[in-house]
Amino acid sequence: MTAVTWHVLGAGSLGTLWACRLARAGLPVALLLRDAARLRQYQAAGGLTLVEQQHTELYPLAADTVAGTAPIRRLLVACKAYDAEHVVGQLAARLAPGTEVILLQNGLGSQDAVAAKIPHARCIFASSTEGAFRSADWQVTFAGHGFTWLGDPAQPTEPDWLAELSASGIPHQWSVDILTRLWRKLALNCAINPLTVLHDCRNGGLQLHPAQVATLCAELGELLEHCGQPEAAVDLHDEVQRVIQATAANYSSMHQDVSQGRRTEISYLLGYACAAAQRHQRSLPHLQQLHTQLVQHLQALGLPST
Ligand code: NAD
Ligand code: KPL
């Protein structure tokens, strides 16, 4: 039986990291690029380059544009949360019934928006702690080893291609409570990332603002309870403090986005949390105030605030 091609949408940090490891294991991979101009640039570069520890390797992967017509049976969506719904919508007609779509986006909200666009496909949600960044055009550096949890809130059965991830050296586990994992990560990101932007500090800098962190954790815990995610609330404050300590020297992903003038995923993190609080008619004043301050801060910098 021929292996199903892994179509990888978005040749950015995580897309490159996944595509190169899958290809290295001998699996068929095809990149889906934005348009003909990007495809020409990619062809001129000769492929994707992955830098891992001291090793740099070029992977001349097949590529097409999102406007192509070849059918897709397995799709890895590796763009930012704010691009996912639109671009998957563009691909909807190429997805056969039963196609599996793996969503690597951080936060919450984009997964449901994508799933609504492609009711004929199976959407699998992922939550990843792996770290990668673009060190040059078409080149990605694998910066932090981590783990990826995958799950399908609509269907607990494991897909058979998990063995392909093992063969590719992608550390992962099937999770029957993927939404709890995504909510927990969202809460951690809401407690840490916006404050690092507003205080313009590394994660460790939040050790100077313990009361602010504690208040946010209390409100986030309350929100998780009301959203039917009590497990995601267990010992949240302790874990936030542990993460702040363990990553003290790092800048959060949102701080990096802002300092490099890039759009943030605010609507899928703090924005999503505040909208959920409103839906449940919960008054969470500190979370709401943090959102307002962050929106104002982004607007003052001329960055999108959604
Ligand atoms: P990225 O910006 O490096 O890559 C996104 C890619 O998608 C870019 O190459 C962009 O050109 C492409 N893209 C956007 N719209 C497109 C379109 N219409 N057609 C084709 N390509 C398109 O982003 P990333 O860092 O890989 O992040 C992807 C997701 O993974 C985010 O939600 C992020 O929060 C999450 N994540 C990233 C990391 C990390 O270390 N980078 C870790 C965990 C989670
Ligand atoms: O995941 C993170 C990020 O930077 O996005 C940390 C800082 C670990 C938690 O918010």
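Predicted model: local features only at pLDDT ≥ 70, side-chain atom pairs only at ≥ 80, totals over all residues.
Reader: How do you know that the buried residues of H9 are on the same side of the helix?

Author: The buried residues in H9 are Leu-236, Val-240 and Ile-244. Around the axis they cover an arc of only 75°, which puts them on the same side of H9. What covers these buried residues includes helix H6 (178-198), H7 and helix H8 (230-233). The face turned away from the buried side of H9 carries Arg-242, Gln-245 and Ala-246, which are exposed.

Reader: Why is H6 called roughly perpendicular to helix H11?

Author: The axes of H6 and helix H11 (residues 270-279) come within 9 Å and cross at roughly 110°. Roughly perpendicular covers angles of 65 to 115 degrees, and the crossing at roughly 110° makes H6 roughly perpendicular to H11. H6 passes H11 in a left-handed crossing. The residues in contact are Trp-183, Leu-186, Cys-190 and Pro-194 of H6, together with Leu-270, Tyr-272, Ala-273 and Ala-276 of H11. By class, this contact of H6 with H11 has eight nonpolar residues, with no polar and no charged ones.

Reader: What makes helix H3 roughly parallel to helix H4?

Author: The axes of helix H3 (residues 81-91) and helix H4 (residues 110-117) come within 9 Å and cross at roughly 5°. The cut-off for roughly parallel is an angle under 35 degrees, and the crossing at roughly 5° makes H3 roughly parallel to H4. The contact is made by Ala-81, Ala-84, Glu-85, Val-88 and Gly-89 of H3 and by Ser-110, Ala-113, Val-114 and Lys-117 of H4. Five of the residues in the contact of H3 with H4 are nonpolar, two are polar and two are charged.

Reader: Why does Ala-67 count as exposed?

Author: Exposed means over 50% relative accessible area, and at 65% relative accessibility Ala-67 counts as exposed. Ala-67 is found in the loop between strand E5 (62-65) and strand E6 (72-77).

Reader: What is stated about the phi of Gln-53, and why does Gln-53 count as exposed?

Author: Most residues other than glycine have a negative phi. Gln-53, although not a glycine, has a positive phi of about 50°. Gln-53 is found in the loop between strand E3 (48-52) and strand E4 (55-59), and at 66% relative accessibility Gln-53 counts as exposed, the cut-off being over 50%. Asp-235, which is not a glycine, also has a positive phi of about 50°, and Asp-235 lies in the loop between H8 and H9.

Conventions: Residues numbered from 1 in each chain as written. Chains lettered and ligands numbered in written order. Heavy atoms only, no water. Buried < 20%, exposed > 50% of the residue type's maximum accessible area, 1.4 Å probe, protein only. Helix = DSSP H or I, 4+ residues; strand = E, 2+ residues; numbered from the N terminus. Arc of directions from axis to C-beta. Contact = heavy atoms within 4.5 Å. Axes fitted to C-alpha atoms, helices over the stretch in contact; angles between N-to-C directions. Parallel < 35°, antiparallel > 145°, perpendicular 65-115°, else oblique. Nonpolar A, V, L, I, M, F, W, Y, C, P; charged D, E, K, R; others polar. Left-handed = near helix turned anticlockwise from the far one by under 90°.
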